[in-house]
Amino acid sequence: MKNALKRLQRVLELEASQGYKNKAVVGGIRQFATFWVTQAREAAQTEMDKVLVEQVAEVLADYGRLPGTEARAKAIDQLQNKLQQQLPQEPTPAARKPQPASQPARPAKTAAPPPLPEPEDEPEPEPSSEPEPLPTVNNGKWGRRPTNRKQVEPDPEGLLQSVTAVNGIGPKMAEHLAKIGAATIEDLLYTFPRRFDDYTLMKPIHKLAYGETVTVIGTVWETRARHSRNNQVIVQSVISDGTGKVQVTWFNQKWLVDKLKAGMQIVISGKVEQYLGRPVFNSPEWEPLELEPLRTRRIVPIYPLTQGLSSNRMRDIMRSTVNYWAPRVPDPLPASVRQRQKLEPLPEAIQQHHFPDSQHALHEARRRLIFDELFLLQLGMQSFRREWQSQPGVEIGVDTAVLTQFQESLPYTLTNAQQRIIQEIANDMATSTPMNRLLQGDVGAGKTVVAAAALLLAAKAGYQSALMAPTEILAEQHFNGLRPLLEPFGIRLCLLTGSTSAAEKTRIYDALSNDEIDLAIGTHALIQENVTFSNLALAIVDEQHRFGVEQRQALREKGPSDGKFSPHLLTMSATPIPRSLALSLYGDLDLSILDEMPPGRQEIQTRWIRTRERERAYAFIRKQIEDGRQAYIIYPLVEESDKVDAKAAVEEHARLQSQVFPKLKVGLIHGRLSSKEKESVMRDFYEGHLNILVSTSVIEVGVDVPNSTVMLIDGANRFGLAQLHQFRGRVGRGQHQSYCILVADSDSPDAEERLSALTQTNDGFALAEKDLEIRGPGEFFGRRQSGLPELQLASLLDMDMLKIAQSEAQAIAAADPNLEQPEHQLLRQRVARFWQNAGDVS
């Protein structure tokens, strides 16, 4: 291979000396290329050699067609730069004299992609007796981790310093790092790679197998963009590595056309798929090729980045920080737990998760860090449960006669699930430990009647109750729904919202403080300072994720001022959460699931159509409105921005009103409206003043409008299954057959799987399980509605590790509930930091 490269070098030098006239060899450079490539391919010994030969062949083959001297000179310069870096310089006798040591400069960047060097072994560094230097961010070579590292003392205080304490990180770089969540050195150590490029497991293109996840290095031949039938931008590149070529496709990323230029060397990592009998990659991860990790055959971390922070710079920062600070991380996990579960020490796990020596080392590091996250999660849950149960609750006896009378008064028979959960709630309230129960039920499962039974028991025992809803209309609906159920039993109800008149508010305040009202139903108005209950024993919160920590706490504190007891708390949610998540999400709550629908409820008919069939859907809506019904039309969040979201909805609303439904009244609701404006629009729709309501996802948790029978969801593929099911639940609340129409603007396999699942079942819990399986817990919960700390590595689906972590957490909590023992001091601090930014899950 060396001789072939030297021969090429001589021809290139001759061509340059002749003024780039394509006359250095008889027949031109293209003729020489045919001869040279044949010999070079035979001489190529490694995959990298083969890639280099093909790259040179591409340039030589097109040389004669290049327009003018300047373009040819540039091509020759690119090839000469490749060869200068590939071929060792022949030393002259004078050059063999000792030279003063100096830091080698980085090779200057040129327009040409760098060559692919032959792999070579790198000598291990000698153990040093010098003290370890302070960390410095530099542009040094990608070296192996030093062996025989000296033991150093943990430095927990040092880890809490700003990242500017690392030499080489100034205020400007600290701003960039803060954007990816790294304000302190500890934050930086826990800013883990989002993925890895494994240069130890590279595969040539001609050996790709369908279904495997691999890393491929190649040269971009061409990149072009086109539009699909539904106007989706499809970007396709052809990548070659000398052994073959492969097509790579990305969706809706038009900027890649300018980024992935012909001749660029890149690394792609992803799953090999099949299209028309050929291997292809769809939406793989990609990075520009870097030489050092390729030369040393390393597993390369790929970090999250932001503008002003390049991948090279980020890796330099992380290497110096990890090398110095990871050994100084204290390990809060008791040694007995670590040994029992065969876990790596934390400093080693952090080092290996940033710069792993092997796939096995990465796996073991990841296993330790995942355990830590789930373990800290469960310790926090144990703490919440203990804290809640430390406050005494009032014992409300189970009056079976009242419950029987209540059930007999209903015009329908309760389902087995409703009867079971009423009994669970009654048993909770009969003890002196305050209830903290979550009642989950799908849309229409009958949560209101279960709540009514609990409210009746409290009132009959002589205590007051409060039911808080997130909006005025929902509070009104609860009031209108509960009054006919409870007033026949002598229960005194009131409705307290922001719209309640001043005179009525004064009357309600006096009545509540004098025990003249048994049940107050309302919004946040219930937790204002001037609201005083005389003996509040039961608080019910509807749609728990719509309330903040302080609001729920304020409702708890509305119990008697003498502090004799705290109210029982029942939280209701219509958002189905998969059973597999209950253990991790609600370790501090008791969970009741209404998993049985009342008989006779009409199933909503669901259809999935393409964008070109929209007009059919509009015609169907017109027909329903002619029959006296109403309809919703939902538009997706175009970006994570209320502003963009609102703009899209406003534009679509204007189009629908002027062009599609000019004779109908079309309302609009979106995230940029104030709460008062949203309430006003919803009331107009609720009272029948609007025929159609155009909305963004703010409608997800909403109002019963029995007259609405059509839910059209545009861009349905952009929503998760659980969210789509919530939208669908807005219709089908009355006696009329209802319909859900899904309009998809993407043909991706995930979208097809989700939308097909929705057409096949109305079971919200089954759909939630499916959604979780498709999208994972991070996507499932969206904007951290779960109230949990953000998990970087762990998955709430990892039930085996979750159970191990819960078991270990329970053992520690039983032996040392407040983590006061000396060996648990570090653990207590770590739990506090882990939970400090989380919401309240109770």
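Colleague: Why is Glu424 called partly exposed?
Modeller: Its relative accessible area is 25%. Buried means under 20%, exposed over 50%, and partly exposed in between (1.4 Å probe, protein chains only). Glu424, at 25%, is therefore partly exposed.

Colleague: What kind of model is this, and how are residues numbered?
Modeller: This is a predicted model, with residues numbered from 1 along each chain as its sequence is written. Local features need pLDDT of at least 70 and side-chain atom pairs count only at pLDDT 80 or more, while totals for chains, interfaces and linings use all residues; side-chain values use heavy atoms, leaving out hydrogens and water.

Colleague: What makes Arg437 and Glu424 a salt bridge?
Modeller: Their closest N and O atoms are 3.4 Å apart. A salt bridge needs a side-chain nitrogen of Lys or Arg within 4 Å of a carboxyl oxygen of Asp or Glu. The pair at 3.4 Å therefore qualifies.

Colleague: Which elements does the pair of Arg437 and Glu424 tie together?
Modeller: Arg437 lies in strand 9 (residues 436-441) and Glu424 in helix 15 (residues 416-429), so the pair ties together parts 13 residues apart in sequence. Both are DSSP runs numbered from the N terminus: helices are H or I, at least four residues, and strands E, at least two.

Colleague: Is Arg437 buried or exposed?
Modeller: Buried, because its relative accessible area is 8%.

Colleague: How do you know that Arg195 and Glu285 meet in a salt bridge?
Modeller: The N to O distance is 3.2 Å. Arg195 sits in strand 1 (residues 195-198) and Glu285 in strand 7 (residues 285-288), so this pair ties together parts that are 90 residues apart in sequence. Arg195 is buried at 11%, whereas Glu285 is partly exposed at 35%.

Colleague: What makes Arg492 and Asp518 a salt bridge?
Modeller: Their closest N and O atoms are 3.1 Å apart. The pair links distant parts of the chain, 26 residues apart. Arg492 is in the loop between helix 17 (472-486) and strand 11 (493-496). Asp518 is in the loop between helix 18 (502-513) and strand 12 (519-522). Arg492 is partly exposed at 37%; Asp518 is buried at 10%.

Colleague: Which residues do shared partners join into one network?
Modeller: Arg194, Arg195, Glu285 and Glu287.

Colleague: How many salt bridges and disulfides does the structure hold?
Modeller: It holds 22 salt bridges and 0 disulfides. A disulfide is a pair of cysteine sulfur atoms within 2.5 Å.

Colleague: Why is Cys494 called buried?
Modeller: Because its relative accessibility is 3%. Cys740 is buried too, with 1%.
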